[in-house]
Amino acid sequence: RVGRRRVRLFPSLGVMLPIWLDPTLFAAISALLLALVFLHRRTASAAAPTAEAGAVLRAPPWQSPKLSETECFEAAVKAAPRLLGYLVDNEPQSLYGLYKQATLGDAPAGGAGGGLKARAKAAAWRAQAGKEAAACRAEYVALLDGVTKRAAACVLPPSLRQKPRCADLRCRVRILGTGHYLPPNIVTNREIERRGGLEPLSLDRARSGVTERRFAADDERASAMAAAAARQALEAAGVAPESLTCIVHASGTPEQCLPDGGPLLQRELGLGGSGIRAFSVHATCLSFLVGLETACMLLARADTPDDALILVCSSEISSRHVDPTDEHVAPLFGDGAAACVVRKASWREGSALHRAHMETYADGASLTEVRGGGTNFPFHRVDDRAAPNPAATREVNHFQMDGPATMRMVLQHGPGFMERLRPGLSSGLGDIAWVVPHQASGLALDAITDALGWPAERMLRTLDRLGNVVAASIPLTLHAGVTSGRIQRGDKLLLMGTGAGLSFGGMILTF
């Protein structure tokens, strides 16, 4: 006979479990418990938030001893936009004035035209009058040295060190297929300059990071573009449109006020009589992330069948909302559509949504906006509905953005948001294979990469050839990564970006 013994499990909890076990079975259970304790301690250690500052320039390029005085200045000028989030008081104006004085000499006589921003720039330039170019270059570099030292001395504020708000969702979902549609009309920077009456070759000196983009034809509709991308995604997933359970339309530029884009997309797919649920979510540039999270939550419902299929699609025609004469905004945006099909994943497949998080700081709501198109500026006068509304001007119906202020706010809140999405993201990527970011601008992508210490080679980009395609930027970049072979099954991805509001959004998933 095999001897039996009475054992005490979990002595640290003071719990007595009188269990009569075979010695072999007892040894197996003991080994399992030790393994669970080890894994728990390892997970807890990995989840501890870092206390190191992630938002600093680790190696200021202008401090290289191999550079001449002029080369140091040029390197500092190139890197300055990435430090916008650390400038305080009048430092932005001082840098601008020093740069203009160093490169162009004294400001021309006469009053400054334009709005408040133009007058402030002119005043900053005139404040440096009479200084030699070499002295201005040295002062510019010295000012950036001080900013860098101040940034390097930073530690994470309490908001970054607090317990993360986002837990591992362990939501078993799988992206079955992706698709895209790009209008055939390719618009170069030369064409943008010609349309807006801009100085020839001026966009080559800009920092938008865009060399070409797609514009929809005058007779193209966003719903038709969405349907083209959806059909490609359905084909890649190997499913028929009739098998869809739900259609989520996630765009920042609606085709019309009513109905929303969901029913319009359903009709374009030939499903107008199907009864398939179709609706829209709108979170400007983050609409796709919100739409994908909505789809995942629908799939996680207990009453959702295992074979349910959800289509998430973003389609944007932003070129019709951009002022062609605005040299900062006009070259940035492009048109396009992208889609994906998702369903529940099996345990063996390994695909899952791990984390999804969003934060909004409405103090920045006026930094990026299109004020028209709603109830504030109706097309007719309130007191005379037959007369046009003089307040519904061209300006209020075009996209407007304060780029520097937006960048400062992004760098102020971005590291904390990333740390709350997953501890450690404010200073590195860890096991993230690829970052699929919103293609806001070249300057924005460079700044966030530097601030968070992320390897640039793991950031997927489509900005140079597609521009900022609003909510479609993330799924277009995801599709490009999948079709190029860089994104493979089992890769862990970080989808992230910012949107007007000002909102931050992020999602970690295993593809």
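Me: What is the bridge partner of I247 in β8?

Reply: I247 has L311 as its bridge partner in β8. The model is predicted: local features need pLDDT of at least 70, side-chain atom pairs count only at pLDDT 80 or more, and totals for chains, interfaces and linings use all residues. Residues are numbered from 1 along each chain as its sequence is written, and side-chain values use heavy atoms, with hydrogens and water left out.

Me: How many bridges are there between β6 and β8?

Reply: Four bridges, in the parallel sense, pair β6 with β8, residues 310–316. Two strands pair if DSSP finds at least two bridges between them. Strands (E, at least two residues) and helices (H or I, at least four) are DSSP runs, numbered from the N terminus.

Me: And which residue in β7 is the bridge partner of C246?

Reply: R277 is the partner of C246 there. β6 and β7 (residues 277–281) run parallel and are joined by five bridges. Between them the chain passes through helix α9, residues 261–268, in a right-handed β-α-β crossover. Right-handed here means that, with the strands pointing away from the viewer, the path from the first strand over the helix to the second runs clockwise.

Me: What is the strand order in the open sheet?

Reply: The order is β3-β9-β8-β6-β7, with mixed pairing. β3 (173–181) and β7 are the edges; each has a single partner strand, so one side of each has no neighbour in the sheet. The twist from one strand to the next averages 20 degrees; axes are lines fitted to C-alpha atoms, for helices over the stretch in contact, and angles between N-to-C directions run from 0 to 180 degrees.

Me: In which sense do β3 and β9 pair?

Reply: Antiparallel, over eight bridges, with β9 spanning residues 336–344. Within β9, A339 is the bridge partner of G179.

Me: Which strands does α10 lie across?

Reply: α10 (residues 287–299) lies across β3, β6, β7, β8 and β9, at about 170 degrees to β8. Helix α8 (residues 222–237) lies across β3, β8 and β9, at about 130 degrees to β3.

Me: Changing topic. Which residues of the largest nonpolar core touch the most other members?

Reply: M418, L425, V435, W454 and L494, out of 37 residues. A nonpolar core is a set of buried Ala, Val, Leu, Ile, Met, Phe, Trp, Tyr and Cys residues joined through side-chain atoms within 4.5 Å. α11 (403–421) gives the largest share of this core, six residues.

Me: What is L425 in contact with?

Reply: Leaving aside neighbours within four places in sequence, L425 is in contact (heavy atoms within 4.5 Å) with M418, E419, I432, L452, W454, L494 and I508. Another core, of 34 residues, lies apart from the largest one and includes C246 and V312.

Me: Last one: how many residues of α12 are buried?

Reply: Eight of eleven. The buried residues of α12 pack against α11, β13 (434–437) and α13 (463–466). G453 follows α12 and has a positive phi, near 70 degrees.

How values were computed
Buried means under 20% relative accessible area, exposed over 50%, partly exposed in between (1.4 Å probe, protein chains only).
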